[in-house]
Amino acid sequence: MYKPNMFDSHQHLLDTPSSTQKSQETEMDFLREEELESKSGTDIMEGQHSGDDQDPDQRPTKKKRYHRHTQYQIQEMEAFFKECPHPDDKQRKELGRRLELAPLQVKFWFQNKRTQMKAQHERCENTHLRNENDKLRAENIRYKEALTNASCPHCGGPAAIGEMSFDEQQLRVENTRLREEIDRISGIAAKYVGKPMLNFPPHLPPPEAPRSLDLAFGPQSGLLDEMYNVGDIFRTAIRGLTDGEKPMVIELAVSAMEELTRMAQTDEPMWITNSENSIVTLCEEEYARTFPRGITGPKPLTLNSEASRASSVVIMNPINLVEILMDANQWTSVFAGLVSRGMTVEVLSTGVAGNYNGALQVMTAEFQVPSPLVPIRENFFLRYCKQHDDGTWAVVDVSLDSLRPSPVPPCRRRPSGCLIKELPNGYSQVTWVEHVEADEKAVHDMYKPLVSSGLAFGAKRWVATLERQCERLASAMANNIQTGDVGIFTSPAGRKSMLKLAERMVRSFCAGVGTSTTHTWTTLSGSGADDVRVMTRKSIDDPGRPPGIVLSAATSFWLPVSPKRVFDFLRDENSRSEWDILSNGGVIQEMAHIANGRDPGNCVSLLRVNSGNSHQSNMLILQESSTDPTGSYVIYAPVDIVAMNVVLSGGDPDYVALLPSGFAILPDGLTNHHGGSGSSSDVGSVGGSLLTVAFQILVDSVPTAKLSLGSVATVNSLIKCTVDRIKSAVTPESA
């Protein structure tokens, strides 16, 4: 709303005559100072002494003598002035001796010169201020004319300024801001309206950037998986958006951003902190009162609501965090334990000003728990990024299932995402809100407490994973190598290559340990939770994997000991012979160790198995162990000695063949098994553990060979024997 007094105050500042008056006085002073410059120091001194013996009211009758310096003297003093505007006594004496001038004459010349330079600077500054004053006066006149011609936007009559309340003014300003934001996003999206989607074969998805899901064997196998094994959500997403749906998506994005911001910044009674595990969950009644209509509609009766909030400080600046979240490839890589597959279907806006502010895109993703006993959650959603006026970044997701008539989806995302606030020294404060509605009936009973607690898909797991991955990335980019990390590395490049190889190993393991629409597990026997599930895949023309038929086997079971106890046992090379059958009882030696986190358990190691049999060659094992408050991993893979030497010398690790195996360790979601406090830091040190064991074994080096039942029986026996050894080693005798 216009405020007349604002322009009156501007006019008062602009019409002040002091600026012009001061400018004239400065010019007069400058003229007097130029006259002084031509006087010699002796003459000035004589004028000052003569005034002491006379009446102040009488002017001296004696005419003063003026002395002009020679051109040579002026040039020398000008040159000296450029080097030193404030000469000391010694310099003045030396300069006066050289120029045949008294030191006092030199002193007065430099004083006059400094005064002259100051006056020139002030004159230039006054000219600039006068020009700015003229511009402001003209702008003020233009605003006054606009005010006199203002009209009501509703009735067209003259505007009655000052008749509405302050609250109404604020509401109108906010309404105008929101309308401008919608218009801006609509204008950006209008570029895409009317442009048809590329025509693909009936079963072929649009091409996308190469994704680093290592379970897609060979350069074309990922595409084949999407052709023949896509889920309903992915099949819906492949069709893209119609022209009529795009404006609805833009409006939904703005509403979702507003809801996420309010939920992230509101405390009680909207959010309630669980005293047992410190997890912050949503009060459904308060949410319904605050958002009575709900932008995604009412919750279906068949779905359970899961809503939580968590906050943490991470070692990464907001710009890099936003880039990770808005790039599907980086997002799936950083959150590999949570996102088994993700892709961008369509980009409606790439943002403005060279960053992701205002970026809007449509995505699909599969969210997972590292176990074949928990079904994946498919989502078709939009992702919108915005930078608020205070500099805080926000990234929000919301499902798009309501755009098209379809049965009730098994999972949908209400406004979820994070607010990122910049902190000093490259850190960021991240507040994460995760609000989903999902069908939990297909979750195995053993994992239902974990899912209900929020440690499986909730905000705490997202934040803990992000914090852990930021530590990991900071370690990979570090140039200073600790003494304990040097080992067998000949250069920093070898250290980085080994970390890169370990990262690919972790992504490959996480992408294959859970369920997915790209592959199906087959249960070998019975219907118990700890039954072994297997699947086979062919590896062809993939330099990162050995060629042939790969058999994957996995099983999940419960242990009555804390996740920390299980994690420490499995990652320790000294206890490896107690469970690793393939090491044949050999002595395990750690050849290299790279710490990549604050916890001692977060590290990458290169192990050598010294076989006691002289006929068997020694074996190298690459291992990464990782832990955070919501879960832990111990992942390893045998590596070729020659290829590993290339990596340690800084060579390309992408051509090292890996078949990762390992363990995913999660809390069981049940608190206070052993009388623990249940605090956030104790999540992994109390209660029981849910352990998933997953192996990948090359059963035949010929990709076209048939899988024999003997190979399946061997793998089944191997994994069951490993499980029995782990149970015997970590379970108390009284259990």
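Which strands and which helix are included in what covers the buried residues of H19? The points below take up this question after some remarks on the model.

1. Basis of the note. The model is a predicted one, in which local features need pLDDT of at least 70 and side-chain atom pairs count only at pLDDT 80 or more, whereas totals for chains, interfaces and linings use all residues. Residues are numbered from 1 along each chain as its sequence is written, and side-chain values use heavy atoms, with hydrogens and water left out.

2. Overall make-up. The protein chain contains 20 helices and 19 strands, where helices (H or I, at least four residues) and strands (E, at least two) are DSSP runs numbered from the N terminus. Of its 735 residues, 47% count as buried; buried means under 20% relative accessible area, exposed means over 50%, and partly exposed lies in between (1.4 Å probe, protein chains only). Among the contacts in the protein chain with a separation of 6 or more, 69% are accounted for by residues 24 or more positions apart, contact meaning heavy atoms within 4.5 Å.

3. Helix H19. In this helix, which spans residues 641-648, the buried residues are Ala643, Met644, Val647 and Leu648. They cover an arc of only 140° around the axis, which puts them on the same side of H19; the arc is that of the directions from the helix axis to the C-beta atoms. As for the opening question, what covers these residues includes H17 together with strands E15 (603-610), E16 (619-628) and E17 (631-639).

4. Helix H20. This helix (residues 709-730) has 22 residues and reaches 32 Å from its first C-alpha to its last, close to the 32 Å expected at 1.5 Å a residue, the expected span being 1.5 Å times one less than the number of residues. Its buried residues are Ser711, Val712, Val715, Asn716, Leu718, Ile719, Thr722, Val723, Ile726 and Val730. Because they cover an arc of only 160° around the axis, they are on the same side of H20. The face turned away from that buried side carries the exposed residues Leu709, Thr714 and Ser728, while the cover over the buried residues includes strand E13 (548-559), helix H18 (563-571), strand E18 (661-667) and strand E19 (689-700).

5. Packing of H15 on H17. Helix H15 (residues 459-477) and helix H17 (residues 492-513) pack at an angle of about 150°, with their axes 9 Å apart. That makes H15 roughly antiparallel to H17. Axes here are lines fitted to C-alpha atoms, for helices over the stretch in contact, and angles run from 0 to 180 degrees between N-to-C directions; angles over 145 degrees count as roughly antiparallel, under 35 as roughly parallel, 65 to 115 as roughly perpendicular and the rest as oblique. On the H15 side, Arg472, Ser475, Ala476 and Met477 meet Arg495, Lys496, Leu499, Ala502, Glu503 and Val506 of H17. The residues of this contact divide into 5 nonpolar, 1 polar and 4 charged, with Ala, Val, Leu, Ile, Met, Phe, Trp, Tyr, Cys and Pro counted as nonpolar, Asp, Glu, Lys and Arg as charged, and the others, Gly among them, as polar.

6. Thr465 in H15. Thr465 lies in helix H15 and, at 11% relative accessibility, counts as buried. Leaving aside its neighbours within four places in sequence, Thr465 is in contact with Val334, Phe335, Leu338 and Asp628.

7. Arg341, found in strand E4 (residues 339-349), counts as buried at 3% relative accessibility; Arg341 and Ala511 are 170 residues apart in sequence and 7.7 Å apart in space, C-alpha to C-alpha. Asp654, placed in the loop between H19 and E18, counts as partly exposed at 34% relative accessibility. Asp654 and Leu501 are separated by 153 residues in sequence and by 7.0 Å in space, C-alpha to C-alpha, and, not counting residues up to four places away in sequence, Asp654 touches Lys500, Arg504, Pro543 and Gly544.

8. Backbone points to inspect. A cis peptide bond, with omega about 5°, joins Glu268 and Pro269, and Pro269 has its place in the loop between helix H10 (245-265) and strand E1 (271-273). Glu100, in the loop between helix H5 (89-99) and helix H6 (103-148), has a phi near 60°, a positive value in a residue other than glycine, and is exposed, with a relative accessible area of 73%.
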